[in-house]
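We will go from stop to stop.

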Amino acid sequence: ITNQIDQYKIAVLALLSQEEPLTSSGTNIIQTIEDFIFATLWHATLSHHSKDSKNCGDVVIELAKTIYDLGPDHFSDNGIPASSSVVAGWTYATPLLSCFQFQSALIHLANAGGNKGLTIATHIALAIVGSGGVIEDYGNTDTNEEQSSSTGDNNKTYVSSNDILGHFLVMHASNLQEVSPQAALEYLVRIPDDKFSDGQQIVPIGSKRRVGKKAKSQIARLICKTREFATLAGHISPDGDRNSSNAALDKYLSPLEVSDVLATAAKEMQYNGSLTDAAELFVLAGRFGSLISLFNQELSQLLVITEQDNDDIKQKRKFWYDAAINFHSTYLSQGRTHVVQMLEKEGNTWIGHAFQMILNLMVFFDRCYGKMWESAWEFIDQLDLFPKTDAELSIKVESFQRLNINIKEVFPNVIINSIQSLYEQYFSLKGEIGANSSTIRQRLNELKTSVRLIVTYSGLIDLNLSADAKSRISQMEAYMV
């Protein structure tokens, strides 16, 4: 054979004849790392049955060790070191992948390749796991490649396919969420759960099966971060039900799963202080008991209004009161709406009763703030919270124990303002004793009796009254003796 013969024909003949090394002909055909790896694996594959040859797997491990020893900077693209190139991670990842060092290859690619590298690593990981493979380094070869991803989870060594794939999917989705929440969702639903074996839980497009807890948790975070409620979850219909047409979540999740994810997002919003967003998400989730509990919590903290309250507090109080009244008039006072039926189904009608009571107490406190004492007492008296006779004391004490916790927390203020409304009426009437003194005296006695019963009642329910509150009540009661 002379130089007139194509040198690549020599390479082919060497491969077919299992020549080792491939350069034994005296002409070095190997020009790239891919040539070297291919030739080495070819020879190992064809000769591994030979008694004198190494096991194919051992050859792969040795080859991988050689690549690790050389390190990423040894591999270049047009002379540019891999570590400084935009897509440099790929030039080092390729030989690693060829040697079945999937974990090291993909982590390096995600670290060194920026968003492009992360995108490639994510899709290769999906392909490996989706086809039943495992993202691991064949032979568990020790490497100098840092086994942690700088894409947001430093110092974590990935030991399972599920962990690696899940991390890639989360980070890739975070790059997409601002541009397209729907696209981000399409990746998040593919996050595997530990309860499924590797590769068996990748969700096909349009599938509503096997979206695990980890995926649902990340989907809830996507909802919170993007606040694209309509795009992801749909709209609220006039009767309070969720209109899911064109909602992205419903392409992958069942209605119950959508409700769970939205409720999780609502609780996260509530925890972070985004209460209006939390309220909207509770409605979308159909968790009306949780929504009303949120109303009760906020309203109970704003029940009492004083001269010292600034405009921000007053505006906040007005906002929640108006929202609550609108919700009540739209969904709770229009017969058996979807909201009422859901509350009954959840066994949460008692929360609705507490909601109604808190709204009534807001009216009472507003009248007290406006010094409309007679009107305030008439209103609170209609709520039937206090005993009207000594015989009713035990009954009302039992009734108090069944009150909602939010109402119990503000009950000291209810007691004080109720007594003050009676005291103010007493003080006003006492100066009017004249021609109709007998009628006025009768009314004064009624006011004193009401105060005595309330004071006795407050002692029986063991209210945690402050020293100042006790002093105010004692002074008003003493004046009316």
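This tour moves through a predicted model, from its nonpolar core to its charged pairs and some of its helices.

**Stop 1: the core**

Start inside. The largest nonpolar core holds 127 residues. Select I223, L249, L361, F386 and F411, which have the most contacts inside this core. In soluble globular proteins, nonpolar side chains tend to be buried together.

Now center on L249. Which residues does L249 touch, beyond those up to four places away in sequence? They are L185, I219, I223, L232, A233, V258 and L262. Notice that I223 is in this list, and I223 is also among the residues with the most contacts in the core.

**Stop 2**

Next, turn to charged side chains. How many salt bridges does a search of the whole structure find? The count is 15.

Select K216 and E257. Their side chains meet in a salt bridge, at 3.1 Å from N to O. K216 sits in helix α9 (residues 213-226) and E257 in helix α11 (residues 255-271), so this pair ties together parts that are 41 residues apart in sequence. Are the two partners buried or exposed? K216 counts as partly exposed, because its relative accessibility is 21%. E257 counts as buried, because its relative accessibility is 16%. The cut-off for buried is under 20%.

**Stop 3: a buried pair**

Select D250 and R242. Their side chains also form a salt bridge, at 2.8 Å from N to O. Both D250 and R242 are buried.

**Stop 4: a pair from helix to loop**

Select R452 and D390. The closest N and O atoms of this salt bridge are 3.2 Å apart. R452 is in helix α20, while D390 is in the loop between α17 (373-382) and α18. The pair links distant parts of the chain, 62 residues apart. R452 is partly exposed, with a relative accessible area of 37%. D390 is partly exposed too, at 46%.

**Stop 5: helix α18**

Select residues 393-401, which make up helix α18. Which of its residues are buried? Color L393, K396, V397 and F400. Look down the axis of α18: these buried residues line one face, because they fall within an arc of 105°. An α-helix has 3.6 residues a turn, so residues three or four places apart point the same way.

**Stop 6: R317**

Select R317 in helix α14 (residues 311-332). R317 counts as buried because its relative accessibility is 9%. What does its side chain meet? A polar atom of the R317 side chain lies 2.8 Å from the backbone oxygen of L303. The R317 side chain also makes a polar contact with the side chain of D366, again at 2.8 Å. Leaving aside neighbours within four places in sequence, R317 is in contact with L302, L303, I305, M362, F365 and D366.

**Stop 7: helix α16 and its end**

Select residues 349-369, helix α16. This helix has 21 residues and reaches 31 Å from its first C-alpha to its last. That is close to the expected 30 Å. Just after α16, find K371, which takes a positive phi of about 60°.

Key. Residues are numbered from 1 along each chain as its sequence is written. This is a predicted model: local features need pLDDT of at least 70, side-chain atom pairs count only at pLDDT 80 or more; totals for chains, interfaces and linings use all residues. Side-chain values use heavy atoms; hydrogens and water are left out. A nonpolar core is a set of buried Ala, Val, Leu, Ile, Met, Phe, Trp, Tyr and Cys residues joined through side-chain atoms within 4.5 Å. Buried means under 20% relative accessible area, exposed over 50%, partly exposed in between (1.4 Å probe, protein chains only). Contact means heavy atoms within 4.5 Å. Helices (H or I, at least four residues) and strands (E, at least two) are DSSP runs, numbered from the N terminus. The arc is that of the directions from the helix axis to the C-beta atoms. A salt bridge is a side-chain nitrogen of Lys or Arg within 4 Å of a carboxyl oxygen of Asp or Glu. The expected span of a helix is 1.5 Å times one less than its number of residues. A polar contact is a pair of N or O atoms within 3.5 Å; within protein, one must be able to donate a hydrogen and the other to accept it, and residues adjacent in sequence count only if both atoms are side-chain atoms.
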